[in-house]
Amino acid sequence: MIKNNLQIYNTLSRKKEVFEPINPGHVGMYVCGPTVYGDAHLGHARPAITFDLLFRYLRHLGYKVRFVRNITDVGHLEHDADEGEDKIAKKARLEQLEPMEVAQYYTNRFNQAMASLGVLPPSIEPHATGHIIEQEQLVKQIMDNGYAYESNGSVYFDVEKYNKDHHYGILSGRNLDDVHDASRELDGVGEKRRQADFALWKKAQPEHIMRWPSPWSEGFPGWHCECTAMGRKYLGAKFDIHGGGMDLVFPHHECEIAQAVAAQGEPMVKYWMHNNMITIAGKKMGKSYNNFITLDQFFTGDHPLLEQPYTPMTIRFFILQAHYRSTVDFSNEALQASKKGLDRLMDAIAALDRIEATATGVLGEEFAAELEAKCYAALDDDLNSPIVISHLFDATRTVNQLADRQQTITPEGLEALRRVFRTFAFDILGLQPEESGNAEREKSFGQAIDLLLELRAKAKAAKDWATSDQIRDRLAALGFEVKDTKEGATWKLNK
Ligand SMILES: [Zn+2]
C-alpha cells in the first residue's frame with residue numbers, strides 16, 4: 001500500500017484534489033512536449049522541470065509511472081491557428097533540409113538540454129509523424145459520431161454541434177460566444193463552417209512537403225489530434241494526469257478534451273495540471289514573442305540580457321524556487337540569488353559527509369524525522385517545492401552549527417539527516433552537485449595537502465622527525481601516498 005497524501009490542483013475543477021490513481025499503484029501521465037523547430041529556451045525548462053518533479057515524486061512514493069511526453073514534428077501551424085504554415089516545414093524550407101532532419105536535430109538538442117537540467121527521460125517519447133494512422137483513426141471515430149465534417153479535403157471539428165451535447169469550454173472556462181469573438185479577427189472562415197471549428201485533418205497545398213494519404217486527401221493531421229491519439233494509445237482511454245503549460249489550456253487542451261469525448265463518449269483525463277509561465281520584464285517568454293533566451297545561451301552567458309553564464313542546476317533551482325502555478329520573472333539578480341541558495345544547500349550536503357557524530361549527541365533521529373515530515377507535507381500540498389527548499393535551508397543552519405562543533409548529533413541522527421537531505425535534494429528535487437563547483441573544491445582541498453607537506457618539510461629541516469612522520473602516516477591512513485623526491489615531496493590520492 002502506497003503512503004499517499006498528495007493533493008494536486010486540477011485545472012478542470014479549479015481546486016486542489018486528493019490524488020487517487022485510476023489503477024491502484026500505477027500512474028499514467030502525459031505531458032505535451034516540444035515542437036522541434038528551434039532550440040529549447042527557458043520557457044521549455046519550466047514544464048519539463050515541473051513535471052519531472054511530479055514524475056520523481058510519484059516514483060518516490062512507490063508508484064509505477066508511465067510518463068509519455070510527445071515530440072511535435074508536424075501539424076503545429078504558425079500562429080497556433082488553422083491558417084499558416086507548418087512550423088517544421090517552414091524551417092526546413094528556410095534551411096533547405098529534410099523536415100525529419102530538422103526535427104531530429106532539434107529533438108537531440110532538446111534532449112541534451114533536458115539531461116543537463118537533470119530532467120529524467122520520459123518512459124515513452126512518441127513522435128506525431130510516427131502516429132499518423134492513429135490520428136486518422138481518431139478523426140474517423142469523431143466523424144462517425146457526427147462531430148466532424150469534411151470540407152474540400154480537410155476535416156473540421158464541429159464545435160457548435162459538440163457544445164449542444166457536451167461542454168466546449170469546460171477546461172478553459174470560455175464559452176462559445178467568447179471563442180467566436182476571439183476568432184473573428186483571423187483570416188476568412190474559408191472551408192470551416194464556423195470560426196470556432198478547428199482542423200482535424202488538413203489537405204496539403206501543392207508546396208507542402210509533409211503529407212500522408214488519407215480517406216479525405218493527401219495531407220496532415222491537425223495539431224490537437226496527436227496528443228489525444230497518442231495519449232489513448234499508450235495510456236488507455238482513461239488515464240490519470242495530463243500536463244502542460246498554462247498557455248496550452250486554450251485552445252490545445254480544450255480541443256483535446258472535445259476530441260476525446262467526441263470519439264469515445266467520455267473524457268480521457270482525470271487530472272489536468274498546468275504550470276505557469278516564465279516572464280521577462282512581465283511578458284511571456286517564447287519563440288513566437290521573440291524575447292526568449294535559449295538554454296544554451298544561459299549555459300554560455302552569450303546573450304545581451306545575461307550578465308554571466310548560469311549553470312543548468314542554477315536554472316533548475318531557480319525554477320523550483322517558485323511554485324509551479326506562480327509566474328516567475330526572469331532577472332539576473334534572481335538567478336544570482338538562486339546560485340547562492342543552491343551553493344548553500346550543496347555545501348551543507350557536502351558538510352554532512354565530513355561531520356562526525358558523537359554517541360552523546362544532543363540531536364537524534366527526531367531532528368531528521370521532523371524535517372522529513374515537513375518536506376513531505378510541502379510536496380503533498382500540490383508540489384510546493386519552494387517550501388521544501390525553505391525547510392532544507394532552515395536545516396542548513398543546524399548543519400553549519402554541527403560543522404562548527406557548536407552542536408552535536410548522534411550517529412543514528414547524522415545518518416538520518418544525510419538520508420533526508422539527499423532524498424529531497426537529489427532524488428526528488430533532482431538537484432546534482434555541479435562539476436565546476438567540485439573542481440573548485442578539489443583545488444582547495446589539494447592546496448590544503450600542499451600546505452601540510454610544506455609544514456612537514458619545515459619539520460624535517462628542523463630535524464623534528466616525530467612531526468614529519470606523523471604528517472606522512474596520518475595522510476597515508478587517509479589514502480594519500482606521499483613520496484619524497486629531490487625536488488621535494490609529492491602526493492597522490494589512492495582512492
Ligand atoms: Zn499536446
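## An exposed loop residue

R405 is exposed, with 10 other C-beta atoms within 10 Å. R405 has a positive phi of about 60 degrees although it is not a glycine, and it lies in the loop between α13 and α14 (411-428). Helices (H or I, at least four residues) and strands (E, at least two) are DSSP runs, numbered from the N terminus.

This is a predicted model, in which local features need pLDDT of at least 70 and side-chain atom pairs count only at pLDDT 80 or more, while totals for chains, interfaces and linings use all residues. Residues are numbered from 1 along each chain as its sequence is written.

## Other backbone features

L383 also has a positive phi, of about 55 degrees, although it is not a glycine. This residue belongs to the loop between α12 (365-380) and α13 (385-403). L383 is buried, with 25 other C-beta atoms within 10 Å.

A cis peptide bond, with omega near 0 degrees, leads from F250 to P251. P251 is placed in helix α8 (residues 249-264).

## Domains and their contact

The domain assignment of the chain, which comes from an automatic or database source, gives domain 1 (7-275), domain 2 (295-428) and domain 3 (437-493). Between the C-alpha centres of domain 1 and domain 2 the distance is 35 Å.

In domain 1, 22 residues are in contact with 20 residues of domain 2; contact requires C-beta atoms, placed from the backbone, to lie within 7 Å. On the side of domain 1 that touches domain 2, β1 (7-10), α1 (42-61) and α3 (99-116) each supply at least two residues. The most is given by α1, with 10 residues. The residues of this side divide into 11 nonpolar, seven polar and four charged. Here Ala, Val, Leu, Ile, Met, Phe, Trp, Tyr, Cys and Pro count as nonpolar, Asp, Glu, Lys and Arg as charged, and the others, Gly among them, as polar.

## A parallel sheet

An open sheet of four strands has parallel pairing and the order β4-β3-β9-β10; two strands pair if DSSP finds at least two bridges between them. β4 (64-69) and β10 (269-275) stand at the edges with a single partner strand each, so one side of each is left without a neighbour in the sheet. On average, neighbouring strands of this sheet are turned by 20 degrees against each other, direction ignored.

Strand β9 (residues 239-245) pairs with β10 in the parallel sense over six bridges, and H242 stands opposite W272 in β10. Helix α7 (residues 223-235) lies across β3 (26-31), β4 and β9, and runs at about 155 degrees to β4. Axes are lines fitted to C-alpha atoms, for helices over the stretch in contact, and angles run from 0 to 180 degrees between N-to-C directions.

## An enclosed strand

Six of the six residues of strand β7 (residues 198-203) are buried, so this strand is largely enclosed by the rest of the structure. Strand β6 (residues 154-157) pairs with β7 in the antiparallel sense over three bridges, and the bridge partner of Y156 in β7 is A199. Strand β8 (residues 219-221) also pairs with β7 in the antiparallel sense over three bridges, with K202 opposite F220 in β8.

Technical notes: Buried ≥ 20, exposed ≤ 12 C-beta atoms within 10 Å, placed from the backbone. Contact = placed C-beta atoms within 7 Å.
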